[in-house]
Each structure stands twice: as structure tokens, then as C-alpha cells.
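Dear colleague,

Please find below the structure that I am handing over to you. I would be grateful if you would read the notes after it with the coordinates open.

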Amino acid sequence: MSRFLAACVLCLAAMPVGIADDGDEATDDAPAFTGEARDDALRKAFAYLDEQLWRQPDRGSSGTQYAAAVAGWAYLLAGERSGARLPSRSRELRRIRDYLDQYVTEVERLYERAPEEAATPVPPNVVRPPGFERMTFGVRQYSWGLGMAALFFAESHARGKQRSASKRLLRRLIEVLEKAQQENGGWGHDDASIPGLGVPEIPIPKPGGGTETLQYPNTLLGATNCAGAGLGAAYRVVRPRATDAGESAVAYFRAAQSGSGTFPYDPSQTGSG
């Protein structure tokens, strides 16, 4: 749910603002989105982070990294698209950068562990920035957060915000997103090829009693869209050329599309719309 709400805020905040002259007649295609609505959407997004993230002792529940990246990205996009002078959010943006930087570090540690250690939780012994000492990150379902983080840092680089630091983070994000890509070219909630990650089998009750298990798919169209978009934005900053990862992702989407032009939840449902 937090991903859905965050995406809604992004869409609202990034939309162009239409201002009609007093003599203009209202038309059906006239923009209904105003500067006040944009500012209100951004205010609510940062208020959500203040209440649900920064004030919480444990800031690692699934989706919080996604929400933080979306809020920062929406703010940067809104200022650029509308040309308006928005209230300064430099403190909040710095906090988001530190938070996402630390999350990338946590995910990187998954790939540093020996296979026999991979099924155990990541120990909370990473050196954290001031004010983040009590943070305990959740490292499941990280494709979404890393994809949005890449979009945020790419936009920060484009807007001249911490360009060198943003570029360094984008290099790290490229490395971990490429590692998390599955053999079929897509991404799942996280890297299901690592022991201890991926969504475990789901028991489903059967009519008349008993259960059967459902193996959750290793890749999803939505997660691939998010991770792939972030990876593409990072490539444009760091290495502006075609890559095997990008080409594999395109092939993944082409293979999943049904004859009607629709896309399923995961490739196994191709043809279901």
C-alpha cells in the first residue's frame, strides 16, 4: 500500500501546473492540477516521512526506502517541471540521501556474505551516520527501493544536487541491481537466487481440507519495471550505452506481453491480461 500511495504522490507532484487566465473558458482538457495541490501533495509526502520514518526507532520496514526515494524524487521533479520556487527541503533531502546510502550498504552486504551465512539475518554492525544508530534495515524486497533510489540520485545529479556523491551512489546501485537481475532478464522482490531471500512457499488451503503450496514467482513485471527504470536512469549518468542487463530486461518484457498487448503480473500468466 505504501508503494501505491507514494507513486500517487509522485504523479501528482510531478504533473505540470496549469494556470488559466481570467478570461479563459474552462475546457474539458484544461489541467485541473494547481500549484496549491502540488504543494499540498509534497507537504503530505514529507509529513508522512516525518511521522512514519524519521520518528520511528526502527526505520527498515518494507516500503520505507521506496517512499523516501519517491518523496525526494517528486520534490526535485516538481520544481523542475513547474518552474516554481518551492520551499527549501535541503535538510530533508540530505536525510533521504543518507538513508538511501545506508540502505544500499545493507544490500551490498548480502553479496559479501559466504553462502553458508546467506540464510541468516544481516548483523546490525554497520557503521551508521549520526542520528541513524538505531536503524535496523529490512533487506527483503529491495528491488523496489533500489530502483526508486536510482531514480532519485539520477535526478539529484541532473539538478546539480550533490553531483559527485550522487554519481558514486549510482555506480553502486548499478552493480547491485545488475547482480539482482534474474536469468530471464527480470527482477523479483529481491534476488531469489540468494539463499534466504525470495518469497518462501505460500501454503494455500484446499477445498475440503489440507493445503497446497504455491511457489512465488522469482520475477514480476512491476518489480522489473521499477528496477529497470532505475537502472536505465543510472546508466544515463554513469555509462550512457547499451548493456546486456538492459537488453535482457527489454527481452523479458517482450516475451511477457500477450497478443492483446497487455502485460501480466508475472511471466507465467502471459495471455491472461
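The model is a predicted one, in which local features need pLDDT of at least 70 and side-chain atom pairs count only at pLDDT 80 or more, while totals for chains, interfaces and linings use all residues. Residues are numbered from 1 along each chain as its sequence is written, and side-chain values use heavy atoms, with hydrogens and water left out.

Overall fold

The protein has 8 helices and 2 strands; these are DSSP runs numbered from the N terminus, helices being H or I with at least four residues and strands E with at least two. From the N terminus, the order of the elements is α-α-α-α-α-α-β-β-α-α. Of the 273 residues, 42% are buried, where buried means under 20% relative accessible area, exposed over 50% and partly exposed in between, with a 1.4 Å probe and protein chains only. Among contacts (heavy atoms within 4.5 Å) with a separation of 6 or more, 71% are between residues 24 or more positions apart.

The hairpin

Strand E1 (residues 202-205) pairs with E2 in the antiparallel sense over 4 bridges; two strands pair if DSSP finds at least two bridges between them. The two strands form a hairpin with 5 residues between them, and Gly208 in the turn has a positive phi of about 90 degrees. Pro203 has Thr213 in E2 as its bridge partner. Glu212 also lies in strand E2 and is partly exposed, at 44% relative accessibility. Leaving out residues up to four places away in sequence, Glu212 touches Ile202, Pro203, Ile204 and Lys206. The C-alpha atoms of Glu212 and Glu201 are 9.6 Å apart in space, with the two residues 11 apart in sequence.

Gln182 is in the loop between helix H6 (163-180) and E1, and its 12% relative accessibility makes it buried. A polar contact is a pair of N or O atoms within 3.5 Å; within protein, one must be able to donate a hydrogen and the other to accept it, and residues adjacent in sequence count only if both atoms are side-chain atoms. The side chain of Gln182 has a polar atom 2.9 Å from the backbone oxygen of Ala180, and a polar contact of 2.9 Å joins the side chains of Gln182 and Asp191. Beyond its neighbours within four places in sequence, Gln182 is in contact with Asp190, Asp191, Ala192, Ser193, Asn218 and Thr219.

Thr224, in helix H7, is buried with a relative accessible area of 1%. Its side chain reaches the backbone oxygen of Leu220 at 2.7 Å. Not counting residues up to four places away in sequence, Thr224 touches Gly185, Gly186, Trp187, Ala229, Tyr252 and Phe253.

Aromatic pairs

Rings of Phe, Tyr and Trp (its six-membered ring) pair if their centres lie within 6.5 Å, and planes under 30 degrees apart count as stacked, over 60 as edge-to-face and the rest as tilted. By this rule there are 6 aromatic pairs. One of them is the edge-to-face pair of Tyr216 and Tyr265, at 6.5 Å centre to centre and 85 degrees between the planes. Tyr216 lies in the loop between strand E2 (211-214) and helix H7 (221-238) and Tyr265 in the segment after helix H8 (244-256), so the pair ties together parts that are 49 residues apart in sequence. Tyr216 is buried at 16% relative accessibility, whereas Tyr265 is partly exposed at 44%. Tyr252, Phe253 and Phe263 form one aromatic cluster.

Pocket and cavities

On a 1 Å grid over the protein atoms alone, a cavity is a set of points where a 1.4 Å probe fits but cannot get out, and a pocket is an open set with protein on both sides within 12 Å along at least five of seven lines; lining residues have an atom within 4 Å of a point. Grid points are joined across faces, edges and corners, and a volume is the space filled by probe spheres set on the points.

The largest pocket holds about 250 Å³ of space. Its lining has 13 residues, of which Tyr75, Leu76, Arg89, Leu93 and Lys161 are the closest to its centre. Helix H3 (64-82) and helix H4 (90-110) each supply at least two lining residues, and the largest share, 4 residues, comes from H4.

Residues lining the largest cavity include Asp190, Ala192, Tyr216, Asn218 and Leu220.

With kind regards
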